[in-house]
There are 2 protein chains.
Amino acid sequence: MPAVGSSLPRKDAWDKVTGKAKYIDDYSYPNIVHISTVRSPVAYGKLGEIDFTEAKKIPGFIGHYTYNDIPGKNINPLVYTDQPFLANGYVRFYGEPIALIAAETPEAAEEAARRTKVQITPLEPVLSIDQAISESCTKIYSQDNTFTRYKIEKGAIDKGFAKARHIFENTYETPYQEHAYLETQGMIAVPGIEDTMTVYGSMQCPFYVHDAVSQILGLSKNKVKIVQATTGGGFGGKEDFPSILAGHAALVAKLTERPTKLVYHREEDIIASSKRHPGLIKIKIGTDDDGKILAAKIDYYLDGGAYSTLSPIVLWRGTVHALGPYVCDNVLINSAAVATNKVPCGAYRGFGSPQVIFAAETILDEIAHELKIDPIDLRRRNILTPGTTTVTSQEIGESCGLTETLDKAFEKANWKTKWSRPETKTDKIRKGIGVSTIYYGVGLGAGGKHLDRAGANMVLLRDGSVQCAVGNTEMGQGARTVLAQIAADSLGIPYNNIHVIETDTSLVPDSGPTVASRTTLMSGNAIVSAAKDLRSRIMPLIADLLQTTADDAELIDGKAFSKKNPPDKGGKSITFEDLTREFYNRRLMPSSFGWFIAPDTGFDQKNGQGNAYFTYSYCTNIAEVTVDTETGEIKVDTIIAAHDMGKAINPQQVEGQIQGGTLQGVGYCVMEEIRHDKNGKMLNDAFATYILPTFEDAPDIQPIIVEHPYSSGPFGAKGFGEVPLMGIAPAVANAVFNATGKRIRKLPVKPECLMEK
Amino acid sequence: MPAVGSSLPRKDAWDKVTGKAKYIDDYSYPNIVHISTVRSPVAYGKLGEIDFTEAKKIPGFIGHYTYNDIPGKNINPLVYTDQPFLANGYVRFYGEPIALIAAETPEAAEEAARRTKVQITPLEPVLSIDQAISESCTKIYSQDNTFTRYKIEKGAIDKGFAKARHIFENTYETPYQEHAYLETQGMIAVPGIEDTMTVYGSMQCPFYVHDAVSQILGLSKNKVKIVQATTGGGFGGKEDFPSILAGHAALVAKLTERPTKLVYHREEDIIASSKRHPGLIKIKIGTDDDGKILAAKIDYYLDGGAYSTLSPIVLWRGTVHALGPYVCDNVLINSAAVATNKVPCGAYRGFGSPQVIFAAETILDEIAHELKIDPIDLRRRNILTPGTTTVTSQEIGESCGLTETLDKAFEKANWKTKWSRPETKTDKIRKGIGVSTIYYGVGLGAGGKHLDRAGANMVLLRDGSVQCAVGNTEMGQGARTVLAQIAADSLGIPYNNIHVIETDTSLVPDSGPTVASRTTLMSGNAIVSAAKDLRSRIMPLIADLLQTTADDAELIDGKAFSKKNPPDKGGKSITFEDLTREFYNRRLMPSSFGWFIAPDTGFDQKNGQGNAYFTYSYCTNIAEVTVDTETGEIKVDTIIAAHDMGKAINPQQVEGQIQGGTLQGVGYCVMEEIRHDKNGKMLNDAFATYILPTFEDAPDIQPIIVEHPYSSGPFGAKGFGEVPLMGIAPAVANAVFNATGKRIRKLPVKPECLMEK
């Protein structure tokens, strides 16, 4: 039975449900040093003296470390080079790490950190996008408080609007979103022999951590090894930020020559780690009478926080996706990521897209309403289909299942029966239905092209079991299971023979980050390539043993046979165990490296035109809600989620991703937000105050799998992991409008918003 | 400057001299379980009940484990399958492991082991070769107490003796030799997620340990990972035996679900771990008047101890080398490894050769003396040279520097002046000089052909540093340094850019054991192959950057240039760092697996004829001694050691190997022995009673490097590590004869032997 396409049990399920899985805080080392972080108590200020006198008095105190103690470079190596591991000269956000304290116990380290006195001369902080881009604002970054700007220019925007019969224009705002992974950030650093350093931890991107640790210690990369421990969720929050923690842990390990441990409490994790960027989106769309989009002008701003981190590429992705999956010949998109004195924002499932998707899908709903067109119909008239082009003039080719997702969701939702205009609804408790359609570029695309490759290392062991190592990580999304399924079928052996080991930078070369829904496609293809190489030695062996040609030899599900003379026609077959024994007897090379380079993309940054991504995934979400018009209480009843991911390698996991992403999208839509006081201090740094959806808030989620295979994907698969979250907020907000006639242009949609006049 | 051929600093030197290197006992894990071993107090007996009642009362006691608790198979998987991890039914040698005790501290575990009562019905043990092969002896193994027999038959032995003018015949005996590595055996086993097990330890052969741990736990091999810790010496003693310890540690780790530690005290290490086999050699040689060897008949017995372990292959190597490096057309060699109720013997530098070499080189000296031929001249008349054949009828081809080693040693020793017949010497204190010439098959040869392959894994990192992983181990012999030199030159980058990481079974496929002087050649060639593969992507890149052809592109010492237009003629050059940056920009595959299969050997086991090894290393040792004829005191003054190892990759390390091997040979010759009481209990299990040479006993060692390159070796290198020890004993014993006229045919040569009438 083929492994691909089957809902095989997750490789990590048993350990996770029985509590045997070991997260970083479950590990320790003898003689370990515990680290606590001295943080900035202000959003912006000039750093003065740091007084450790009282800290040193704490029993168990080992040492204190500032930027001055860094043997390498005090810069986290990301896109730009502006973020120090430890503040030097200035502090730029509330909670920024200033110094590290090492002690024999976590409690002693924390107490010593508390007793450390930092002299800071406070400066006036910049706390919002509006403030940052106003001309009079203090400049905290560059000449204009802007990290990055992009422009997409297609056709002639003025002519487009001139032709349009209707113009729609509005401004939309989206909030912070906290990743709220189950496991907080944590690292253990262990100094090794010969000036080496190994760092274990919770992370998405071991190769980023590898760069960071090499950099802070001033070590060549071959002296540093990063091993991912079982990771309790990432969602983008463990993309760039773990580099900082790992740098801190490694620094103290290097200086004390002892293993170190640094695991964040939830509060400091919320204060100091990255978030989804707040967004400000101004959209102007011109259509004809049928709702056909003729011109679109979008200004998209992200609040990047104090350092650029991943903002340049988060912004790029959002910019490219700003109009959504719609055909339009005249487009002008301008975007900017601006600096503020708040926690640096970074990656979060969707990576700059949910913000613009909320705006675009809402305005689409507004257009439909104004033009009195069914929102589904409006989409049918505008969506991308093969042969059409995106805002970057990329022609959509194979594997575009958007129409099918729309059709299937429409049917499943019984939209025809359920949808009616909001004016027709008068009950106190009202039902509403809303839709969103989206597309999402798989992989890093033209914006991260040089990183978009992945390796796999496959070793056939003497007992016929196979070890696979990949450069992407398992963080709960099921990567190791899906990759084992791909390995099994591409090699032709049973799923149970495959073990995909924990990601370790010494096993596989830099395979880029585990982000951008790229793992199944990139690491999957690397595995296919490794299996192909291994089969190039296995098939001639089979041929030799069965006295046939390599072309006639076949290996499926661990059974080798001749295609011309198969076992069911009386032909001989060889078990994989016997085959492996002979493979070893002949001393054939039992290992192989697979390598996959993402298909070509090409992009002209000047006018933002070109092939932004090598392929796209597509989705239609239909939300049903019940609104109490007296209290404003919103209940999300149902989400229908129809997704084209090319091929569902493991359908149950696809549904799991849909379940999880949908709930995260519901949270983003109706409850999650972070608030700051007027000085930039974060006010809700705990799960008591940062409200998340629970199972009680979960709608009835109805996944629909649509498979339009992508010929360059493993078994036709594209990427998919982030997509389930992205269209939820506008579908729900549109459903709320459909129920109430109240248009929400600023997330989250809270009861009080519905109560506003 | 090329790295190969330079005495570059050892990669591990700094850590080792400063005490930073971490051996297995320097590691621990939180919540670790300590293991102690309950051992047989008799040499042979029937195992009855084991009573843990008193053991359980010890505070900190965790559990007890016997063969009954093993989830997998209770057999250490080696050549044969006769050795249990834990005794079942019978105990077969004094010190054999019967049960394991787990406790919270090492002391508690040891006390509990002491208090464990084992009921054993003692049986009459077999304690010597003579006893084992006598017909009346109890059979403790098979029908004839013999593990293995071999025969080599070349020409017609009877005709050879018939033609001979002189017949020489004698019996020689060699003792046990304890490896006396600085670090005792030790393992730490750590259970991982998803039913995995990682074992760290002091070992030579991680892949043997991998087999053993999979076997005892009943786990597929892809769930087991073995990592070698810094290893404080092996000399063969950490070839097979670590599998037993690792099995024990992993068993308890599996059953307690906690990390475990098992580090032997010196005494139990001496009692329980393998030794050099005692040998009994009967030689009969026929010569013409000129000393030309016409016929040789050799019977060679090894005392294998209670289990076969590596005896079958130790015996094979000894059998093949039994006559030494001499031409003889008529040969009959019979050999047998017999079973006794003593500790199983195994690998020890030289692997069954030093025993026969002592016999053969002594009888050569006897022939020279009797025929009144200078011992050097006698050798000149008989030694192997290109075009001659060995006892297995293998024709000696390229890379035979034996004559040159003999010439150079002869000259350096000033032999002509120093040598005179013993009858001429009358002083109380007498000087003597002796010689030995030897050859040694590199690698596993025909006897271990299917294991004779090796892999290497090379990764080019983004900063231009390179990580190399190999399947062979560093155990103090300098492998990682030599392999880094080979990697540097075969890639064309500086030595300092290379880091060879600790051997880990998850990094490189099964590369066979680290034995048989095979590492430089096998892993070295695997590295050359990996580098070649990596260069297949680097060279076209250079060509592209310099606008030339790949054939014209060159990379030496980290500098890329065009051969036609080199930098010294004004051509452009590119640094390796720049090259690597571009390599990464283009997303070329930065990793490669190298694989090397040993050149072909072929052997007919029936008559012992064929190509036993793919190449041989050669050596001449000349020893000078001073003997006090009144006390019998022997001082080894000088050893001249001329070695042909093909190419000295690191001359200083070659000299280091010569220094160490020579001293071990001196110990083997003049002091080391193990004694047993009449019941088979070992009497000298401590360094207070097992006498080893110290620096005070070290002669003036004068290495001579002779390089006859082997075209299939990396940069011409063959293997060499074991050779320095092997010819020392006969050279010294022959020098003692030369000083005193007293012929020693049983090692060690002790003062009391010289005093015997």
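Tutor: Start with one residue and its surroundings. Contact means heavy atoms within 4.5 Å. Beyond its neighbours within four places in sequence, Gln609(A) is in contact with Ile152(A), Glu153(A), Lys154(A), Val391(A), Thr392(A), Ser393(A), Gly602(A), Phe603(A) and Asp604(A).

Student: What kind of model is this, and how are things numbered?
Tutor: This is a predicted model: local features need pLDDT of at least 70, side-chain atom pairs count only at pLDDT 80 or more, and totals for chains, interfaces and linings use all residues. Residues are numbered from 1 along each chain as its sequence is written, chains are lettered from A and ligands numbered from 1 in the order in which they are written, and side-chain values use heavy atoms, with hydrogens and water left out.

Student: Where is Gln609(A) found? Is Gln609(A) buried or exposed?
Tutor: Gln609(A) belongs to strand β25 (residues 609-611) of chain A. Helices (H or I, at least four residues) and strands (E, at least two) are DSSP runs, numbered from the N terminus. Buried means under 20% relative accessible area, exposed over 50%, partly exposed in between (1.4 Å probe, protein chains only). With a relative accessible area of 14%, Gln609(A) is buried. Its C-alpha atom is 6.5 Å from that of Ile152(A), 457 residues apart along the chain. A polar atom of the Gln609(A) side chain lies 3.0 Å from the backbone oxygen of Val391(A).

Student: How do I read a sheet?
Tutor: Strands of a sheet pair through backbone hydrogen bonds, either parallel or antiparallel. Here, two strands pair if DSSP finds at least two bridges between them. One open sheet of four strands in chain A has the order β19-β18-β17-β23, with mixed pairing. Its edge strands, β19 (498-500) and β23 (591-597), each pair on one side only. Strand β18 (residues 466-470) of chain A runs parallel to β19(A), joined by three bridges. Gln467(A) stands opposite His499(A) in β19(A).

Student: Which helix lies across β17, β18 and β19 of chain A?
Tutor: Helix α14 (residues 479-491) of chain A does, running at about 140 degrees to β19(A). Axes are lines fitted to C-alpha atoms, for helices over the stretch in contact, and angles run from 0 to 180 degrees between N-to-C directions.

Student: What should I look for in the backbone?
Tutor: Most residues other than glycine have a negative phi, and most peptide bonds are trans. Glu194(A) has a positive phi of about 55 degrees, though it is not a glycine. Glu194(A) sits in the loop between β9 (186-191) and β10 (197-201) of chain A. The peptide bond from Leu747(A) to Pro748(A) is cis, with omega near -5 degrees. In chain B, a cis peptide bond joins Leu747(B) and Pro748(B), with omega about -5 degrees.

Student: And how do I judge where two chains meet?
Tutor: The size of an interface is often given as the accessible area lost when the parts come together. Buried area is that loss (1.4 Å probe), summed over both parts. Chain A and chain B bury about 4,800 Å² between them, 56% of it on carbon and sulfur atoms. The contact takes 59 residues from chain A and 59 residues from chain B.

Student: How many salt bridges cross the interface of chain A and chain B?
Tutor: The rule finds ten. A salt bridge is a side-chain nitrogen of Lys or Arg within 4 Å of a carboxyl oxygen of Asp or Glu. Asp211(A) forms one with Arg462(B), the closest N and O atoms being 2.9 Å apart. The largest share of the side of chain A that touches chain B, six residues, comes from β23(A).

Conventions
A polar contact is a pair of N or O atoms within 3.5 Å; within protein, one must be able to donate a hydrogen and the other to accept it, and residues adjacent in sequence count only if both atoms are side-chain atoms. Buried area is the accessible area (1.4 Å probe) that two parts lose on being put together, summed over both.
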